[in-house]
Amino acid sequence: YKFVLLWAGEILYRLTLLRAGMAHTPHSATLFAEIESWATKFNKIVDKKPAARSRSFKMSAWLADNSKTCASSFDELGSFLGVLGREIAAYNASAPARSLSDATPMDVDGGSSSSEDPYIAALGPIQVDMVDKFTKHKHLSNATGVVDKNRRKRLMSEYMSMQESLPLDSHGAIFLRWSESQMQLMKALIVAPSDTPYGGGAFEFDISIPPNYPAAPPKCEIITTGGGSHRFNPNLYAEGKVCLSLLGTWSGEPWDPKTSTLHQVLMSIYGLIFVEQPYFNEPGYEGTMGTPQGDEKSKQYNNSQKAATLKFAIVEQLDSNGPFQEVIRKHFWHRRADVLARIRGWTGEQGQPNKAAMETNITKFLSKCNPA
């Protein structure tokens with residue numbers, strides 16, 4: 001039953017993002033099929049564990065049935081999420097886990113735990129941390145005035161919860177910095193998922209909390225843009241704008257003061273913007289997915305993002321001296337073999353002159369990537 005709930009946590013993350021409608025994406029259409037597939041896996045696993053069979057089978061069967069209902073009736077998502085969230089919260093209250101993504105079939109069969117990963121051992125203690133103050137931030141002028149008691153309490157609660165809930169593994173990660181002396185400001189560093197054209201790159205975001213939070217959503221801007229020269233995604237503009245309905249910068253379900261959180265914003269960027277085929281995030285383009293023309297355009301778009309990721313989100317980040325300096329150096333040092341293999345693969349996909357420029361940047365990466 002433990003592993004059913006841990007895997008269900010991944011489903012909860014994805015469903016929460018989908019329900020919020022935080023980004024225009026064509027990828028949500030396959031989500032419920034994935035849930036049904038995962039539920040089938042649950043059944044196969046618990047069938048081998050007679051002692052846990054009854055409760056676990058009930059849980060996984062419920063997941064499969066409700067995923068079908070939600071696929072046909074989007075309004076059912078709310079109650080589905082509520083029940084699933086309460087189940088996970090009840091389990092975590094008695095046996096908290098470092099990461100909801102740690103449970104795998106290997107774990108069930110007695111394999112090694114990802115908690116032994118040197119990457120997690122090195123980065124875990126500095127994933128969510130306080131800083132003295134921010135000297136560089138897009139909204140530094142907003143860090144004045146007294147934060148009222150209720151807003152302080154809400155922010156502290158969210159900060160504490162993110163110490164245990166943000167992703168951190170070989171696939172990707174989110175890091176957070178906050179200053180108690182500037183409670184209106186935060187910074188996030190997202191290590192993009194490895195199966196995307198941004199894989200392994202480190203993308204920095206500036207977050208500002210408005211005076212009437214949580215009645216109004218936070219403000220969030222991407223900083224990693226090559227000095228405003230590159231647009232990394234249809235949802236991420238070169239001037240810093242992040243398009244999400246949660247932030248009020250895109251159409252869709254808006255920010256809900258009672259249920260929406262900073263965690264939800266960060267996970268939407270991580271899971272719905274940094275995707276495998278970002279070209280189709282552009283409104284109207286999803287209709288060409290699966291066509292020769294659409295696939296070719298997507299390939300060209302990905303090649304552009306891979307070259308920019310290497311230059312701006314990998315090589316230039318290694319020169320960072322901001323609040324994520326230690327995180328960046330440790331991230332690239334511990335994942336250097338994976339990152340190097342990936343960017344060499346990207347280079348082989350490029351035509352000239354991108355290929356020559358990327359080869360130069362690989363040389364720079366090797367010279368800058370040193371033990372942290």
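Student: Is strand 2 mostly covered or mostly open?
Tutor: In this predicted model, strand 2, residues 173-179, is mostly covered, with seven of its seven residues buried.

Student: Which residues of strand 2 point which way?
Tutor: A173, F175, R177 and S179 point one way, while I174, L176 and W178 point the other way. Residues of both sets are buried. In a regular strand, side chains alternate between the two faces of the sheet.

Student: How does strand 2 run relative to strand 1, parallel or antiparallel?
Tutor: Strand 1, residues 128-130, and strand 2 run parallel and are joined by three bridges. Within strand 2, R177 is the residue that stands opposite D129.

Student: And in which sense does strand 2 pair with strand 3?
Tutor: The pairing with strand 3, residues 182-191, is antiparallel and extends over seven bridges. A hairpin of two residues connects strand 2 to strand 3. As for individual partners, L176 is bridged to A188 in strand 3.

Student: Let us look at W178 in strand 2. What is its relative accessibility?
Tutor: The value for W178 is 0%, so the residue counts as buried.

Student: What does W178 touch, leaving aside neighbours within four places in sequence?
Tutor: W178 is in contact with D129, M130, V131, F134, L155, M156, Y159, M183, L185 and M186. With M183 there is also a polar approach: a polar atom of the W178 side chain lies 3.1 Å from the backbone oxygen of M183.

Student: What separates the C-alpha atoms of W178 and D132?
Tutor: They are separated by 8.6 Å, although the two residues are 46 residues apart along the chain.

Student: Switching to aromatics, how many aromatic pairs are in the whole structure?
Tutor: A search of the whole structure gives 11 aromatic pairs. One of them is formed by Y159 and W178, a tilted pair with 5.0 Å centre to centre and 45° between the planes. Y159 lies in helix 7, residues 149-165, and W178 in strand 2, so this pair ties together parts that are 19 residues apart in sequence. Both Y159 and W178 are buried.

Student: What is the geometry of the pair F203 and F274?
Tutor: F203 and F274 also form a tilted pair, at 4.8 Å centre to centre and with 40° between the planes. F203 belongs to strand 4, residues 202-208, whereas F274 is in the loop between helix 8 (262-273) and helix 9, so the pair ties together parts that are 71 residues apart in sequence.

Student: Are F203 and F274 buried or exposed?
Tutor: F203 counts as buried because its relative accessibility is 0%. F274 is buried as well, with a relative accessible area of 2%.

Student: Which residues do ring pairs link into a cluster?
Tutor: The cluster consists of Y198, F203, F232 and F274.

Student: Where does helix 9 bend?
Tutor: Helix 9 bends at T309, by about 35°. The helix covers residues 292-315, which is 24 residues. From its first C-alpha to its last it reaches 33 Å, close to the 34 Å expected at 1.5 Å a residue.

Student: Last topic: where is R335 placed?
Tutor: R335 is in the loop between helix 10 (325-334) and helix 11 (336-349). Its relative accessibility is 9%, so R335 counts as buried.

Student: What does R335 touch, not counting residues up to four places away in sequence?
Tutor: R335 touches D117, Y119, D169 and S170. The side chains of R335 and D117 are joined by a polar contact of 2.8 Å.

Conventions. Residues numbered from 1 in each chain as written. Predicted model: local features only at pLDDT ≥ 70, side-chain atom pairs only at ≥ 80, totals over all residues. Heavy atoms only, no water. Buried < 20%, exposed > 50% of the residue type's maximum accessible area, 1.4 Å probe, protein only. Helix = DSSP H or I, 4+ residues; strand = E, 2+ residues; numbered from the N terminus. Pairing = 2+ DSSP bridges. Polar contact = N/O pair within 3.5 Å; in protein donor to acceptor, adjacent residues only side chain to side chain. Contact = heavy atoms within 4.5 Å. Expected span 1.5 Å × (residues − 1). Bend = angle between axes of the 7 residues up to and from the residue. Phe/Tyr/Trp six-rings, centres within 6.5 Å; stacked < 30°, edge-to-face > 60°.
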